[in-house]
Amino acid sequence: MTAAAHPAAPAVEVVDATVHYGDVLALDGVSLSVQPGRICGLLGTNGSGKSTLFKTILGLVRADRGRVRLLGLDGATARRKGLVGYVPQAEQVDWDFPVSVRDVVMMGRYGQMGLRRRPRPADREAVEHALERTDLTGLAERRIGALSGGQRKRAFVARALAQGADVLLLDEPFAGVDKGSEATVTALLRRLRDEGRTLLLSTHDLAQVPELCDEAVLLQRRVIARGAPDEVLRPETVMEAFGVHVQGEGERWTH
Amino acid sequence: MDALTAVVDWFAVPMQFDFVRRALLVAVVAGVVCAVLSCWMTLVGWSLMGDAVSHAVLPGVVLSYMFGLPFALGALVFGTGSVALIGVVNRTSRVKEDAVIGVVFTAMFALGLVLVSAVPSQTDLSHILFGNVLGVSDTDIRQILVLAAVVLGVVWVKHRDLTLYAFDRVHAHAIGINPRLLETLLLGLLAVTVVVALQAVGIILVVAMVIIPGATAYLLTDRFERMLAISVGVAVVAAVTGVFASYHLNVSTGGSVVLAQATAFALAYLFSPLHGVLGRRRRRPTPAATAADQSTARQ
């Protein structure tokens, strides 16, 4: 992969992040470190602070305390260099928006283009390559909303690829994706990992975690557990985070 | 007289008059500029903001007349000032944005009404509120042309960024493009556009010009470039139809132009092959797309 400023630095490093929304404590001293070339699953219920942590990593929310570094760089520098790719949650996208799949993927290149964002041959090449890698070449002229759930996900991953992102943040990548397409998405994400990219994905769909993730972090405003997925997904730990009785169901989650 | 001659005369006779030619120029230019911007207004969902900015320019227009300044100057100051005020109150209070917009634009409009009543002799309120496209001066036309060129020029340079902003702000931020700046740019363009259209249709109807063409085009196509072209086409046809119809029927010009646009919208709403209520033939997402995705998954 393209070199980061500090090759030895973690791809994603959050140290002691604390975030308040008014009086509400959203994140309480959260620390997180993901090495390059790993897939890390960020697990938690709705309201557990997953999206706040994402926003903090993206620099959309300012932490009261703590710091974020990406590939050894401060967040703003990493973003300006196009190192951070973002794959939005399905419900945050306007699927009626009149853009084609190719238009969306091209938006990955905007940070590296001139004032008018006019595509140069290199940009077109990067877009075609990204479409090929995500198996969307034949659908490039389709409107983004005319794709199925899995294809939509791949289109946004393609945008991050065209951008040349080394770190991908995926917000609920399996929400709105039917069972048949999950495998395609999972295989794609693994390939990206194998090439040395780092993926941080938030999910409350625990079934995908042991299969896909190299490591997991269980969040409930603070970090409740971190480590290998099967350790993190032990029934007692999950119970604490989700606040529910999960005996018996824990089995399902770990296999 | 055969039908063709009648049609030609319908257009040719009014064109002998200078005031009709001026009115047509202003209506078409304003229509085009508004139509271009309306595509982003529709996609971002800023119709209320358009309404707010147009009403909020009233005190600026009145003050400009009072001090003998170009009306565009005062309108711009109050238009952009109101937008800034909406932003500040929104960020620093718990009141939701639509309520803040409602408070600010009505307050500004009220201030304008008070100012007009304080100096009744100098300004004709109805011309400001409902437009006075048949009485535009050379100075007005020059101002309109300059501002129209500014808006179209900026849009020509930044249209891809504006679409990026409308589609995915978080992605813009993630690749180091400041969405707040793009929002400010779009609001600034809206303020200038409102000023361009003020003379043509007046404060009350400006919002129609910055929403209807884009909304109409949105019903007719799924491609942004085509949406721009259709939107501009709708606005030009509506401007021409409105100006000539108002001459022959002796009715309000601004009202006629907006009615023509609304008619286009109604036709698209009913009969658009893509998204019309009566014309819709396909559903989204298409079954073919889902099938293709599943077949790839199985490989």
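Helices (H or I, at least four residues) and strands (E, at least two) are taken here as DSSP runs, numbered from the N terminus. On that basis chain A has 10 helices and 10 strands, while the secondary structure of chain B comes to 14 helices and 0 strands. Read along the sequence, chain B therefore follows the pattern α-α-α-α-α-α-α-α-α-α-α-α-α-α.

Before going further, a word on conventions. This is a predicted model, in which local features need pLDDT of at least 70 and side-chain atom pairs count only at pLDDT 80 or more, whereas totals for chains, interfaces and linings use all residues. Residues are numbered from 1 along each chain as its sequence is written, and chains are lettered from A and ligands numbered from 1 in the order in which they are written.

## The two chains

The radius of gyration is taken over C-alpha atoms, and the globule rule to set beside it is 2.2 Å times the number of residues to the power 0.38. Burial is counted with C-beta atoms placed from the backbone: a residue is buried if 20 or more other C-beta atoms lie within 10 Å of its own, exposed if 12 or fewer, and partly exposed in between. Two residues are in contact if their C-beta atoms, placed from the backbone, lie within 7 Å.

| Chain | Residues and buried share | Span along the principal axes (C-alpha) |
|---|---|---|
| Chain A | 255 residues, 48% buried | roughly 55 × 40 × 35 Å |
| Chain B | 299 residues, 47% buried | about 80 × 65 × 30 Å |

For chain A the radius of gyration is 18 Å, close to the 18 Å that the globule rule gives for 255 residues, so chain A is as compact as a globular protein of that length. For chain B, a compact globule of 299 residues would have a radius of gyration near 19 Å, and the value of 21 Å agrees with that.

In chain A, 70% of the contacts between residues at least 6 apart in sequence join residues at least 24 apart. In chain B, residues 24 or more positions apart account for 71% of the contacts with a separation of 6 or more.

## Where the chains meet

How many residues of chain A are in contact with chain B? There are 31 of them, and they touch 28 residues of chain B. On the chain A side, the elements that give two or more residues are helix H2 (75-80), strand E6 (84-87), helix H5 (149-163) and helix H6 (179-194). H6(A) gives the most, with 4 residues. By type, this side of chain A divides into 14 nonpolar, 10 polar and 7 charged residues; Ala, Val, Leu, Ile, Met, Phe, Trp, Tyr, Cys and Pro count as nonpolar, Asp, Glu, Lys and Arg as charged, and the others, Gly among them, as polar.

## Helix packing

Two packed helices are described by the angle between their axes and the distance between the axes. Here the axes are lines fitted to C-alpha atoms, for helices over the stretch in contact, and angles run from 0 to 180 degrees between N-to-C directions.

H5(A) and H6(A) pack at an angle of about 15°, with their axes 9 Å apart.

In chain B, the axes of H5(B) and H6(B) come within 9 Å and cross at roughly 145°. Residues of H5(B) in this contact include B:Phe78, B:Leu85 and B:Ile86, and those of H6(B) include B:Val100, B:Ile101 and B:Phe105.

Helix H3 (residues 47-56) of chain B has 8 of its 10 residues buried, so H3(B) is largely enclosed by the rest of the structure. Among the buried residues are B:Met49, B:Asp51, B:Val53 and B:His55. The cover over the buried residues of H3(B) includes helix H2 (18-44), helix H4 (58-67), helix H5 (71-92), helix H6 (97-118) and helix H10 (179-209) of chain B.

## Two positive phi values

Most residues other than glycine have a negative phi. A:Asp135, in the loop between helix H4 (121-133) and H5 of chain A, has a positive phi near 65°. A:Arg221, in the loop between strand E9 (215-220) and strand E10 (222-227) of chain A, has a positive phi of about 65°.
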